[in-house]
Amino acid sequence: MVLREALTGRRAALTVLGALVAAGLPAAAAAEPTPAPGPLPTAAQTLGADRPSAPVLRALQRDLGLTRAQASRRLVNEAEAGTRAGLLRNALGDRFAGAWLRGTTSQELVVATTDAADVPAIKAQGAKAAVVKRPLRDLRATKEKLDAAAAKVSTRETPLWYVDIPANRVVVEAGTKAAAAAFVKAAGLDAKAVAVKVTANRPRLMADVTGGDAYYIEGTAHCSVGFSVTKGEQQGFASAGHCGKQGAKTTGFDKAEQGTFQASTFPGKDMSWVAVNDKWTATPNVKGEGEQKVQITGSVQALVGAAVCRSGSTTGWHCGKVEQHDTSVSYTEGKVDGLTQTTVCAEPGDSGGPYVSGVQAQGVTSGGTGDCKSGGTTFFQPINPLLSDFGLTLKTAEAEAPQPQGDVAQAWAAGRVYEAGATVTHAGVRYQCLQTHQAQGPWAPTRTPALWHRL
């Protein structure tokens, strides 16, 4: 009886949520009065998707075969879809089975649930519903068993495993079916619980040349600057962990003394950050085509299916799509978990360089397969876990300084990384996070229904 009442209450909440959207009102905006004069910004306005830079638009046109108008519309659609997916994720709870984008301009948002009773509410949010067997939490639990097995057995012949959200399955990519079967068995899983893809592709690290601006490690190797960051008053930049170890010295693209690796994690994760000396200044810029710059405004995580672009000195500025989050890759040098898989091409030398979705930072290049002549697959280390692990603040355009942390468990604060589903208090009101991001000063919950929903 209690369980039935709880489910009924949650579905009622979904129905109300759908009614708000059907009426043309954002759920968060309808839940509270506008706290300041003027309308609340849309998701596209909050994330800067309505004012894309020329390098991003040109690369999307070239790499995804879009017109300029289609490229612009795609960025706006992806920003708006992220908010709608976040609202449904939080409302569906344990029944949520993932969300992804489809269509030339990402015009179709698909949200999966394990309960057909949720379909009307999903449709009311302007999304297409998919009813599947396994919730996202179960798929992740299956992948976690593979992660645990990888710490005990060789993954040389099983270099990749991940949750394929659109297919509602966990996939192991392997050189042979026998290798995949042995890996699945070592994880204590039923063979039917995991799909197997036989492939000769073997991901490799990309650390020979640069992506974005070059930097050199101890005069013997070079990588690329990812994103500018700060830690208190100290300026620096984020990059890949396999580029250098803690304490290693760096020089810049002009071979001038630059800085020192403050922290580096590899394998396990592929993240690092370098503190620079006072001759270098952190900026919110990422190098696009030629000398043109893309200014970063935040780090809101893109949905599966969203467009993403990468900067690299070996291959230049290229775009593709996000295929999977939370991918585990077994390189020859070691296993890395939590990477994002993309269709963006790259070649050796692009390591550490930045990935952006519109003007939102996504991550730094880790490795991949293929090249930019025949196409390929690349993986990036997401930026938000990097910022959180090392206590860094992303350098963004028009960002305010981080606020005091206060009550770490509840109070919203700029500079903190929030995962989708997290709850905070702000101005005496509770909010729930809709999209994973690092909070920027101008992004207080009262003004960003794209990122926060009032409870």
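1. Is Asp 63 buried, partly exposed or exposed? In this predicted model, Asp 63 has a relative accessibility of 27% and therefore counts as partly exposed. The assignment follows because the buried class ends at under 20% and the exposed class begins at over 50%.

2. The partner of Asp 63 is Arg 62, with which a salt bridge is formed; the closest N and O atoms are 2.8 Å apart. Arg 62 is likewise placed in the partly exposed class, at 43% relative accessibility.

3. A further salt bridge joins the side chains of Arg 169 and Asp 164, at 3.7 Å from N to O. Here the acidic residue, Asp 164, counts as buried because its relative accessibility is 13%, under the 20% cut-off. Arg 169, at a relative accessible area of 37%, is partly exposed.

4. Lys 335 and Asp 337 form another such pair, and their closest N and O atoms lie 2.7 Å apart. In this case Lys 335 is the buried residue, at 18% relative accessibility, whereas Asp 337 is partly exposed, with a relative accessible area of 23%.

5. Beyond these pairs, a network of salt bridges links Asp 94, Arg 137 and Asp 138.

6. The count for the model comes to 16 salt bridges. Among them are the pairs Arg 62 with Asp 63, Arg 169 with Asp 164 and Lys 335 with Asp 337. As a general point, side chains of opposite charge can pair when their charged atoms come close.

Notes:
Residues numbered from 1 in each chain as written. Predicted model: local features only at pLDDT ≥ 70, side-chain atom pairs only at ≥ 80, totals over all residues. Heavy atoms only, no water. Salt bridge = Lys/Arg side-chain N within 4 Å of Asp/Glu carboxyl O. Buried < 20%, exposed > 50% of the residue type's maximum accessible area, 1.4 Å probe, protein only.
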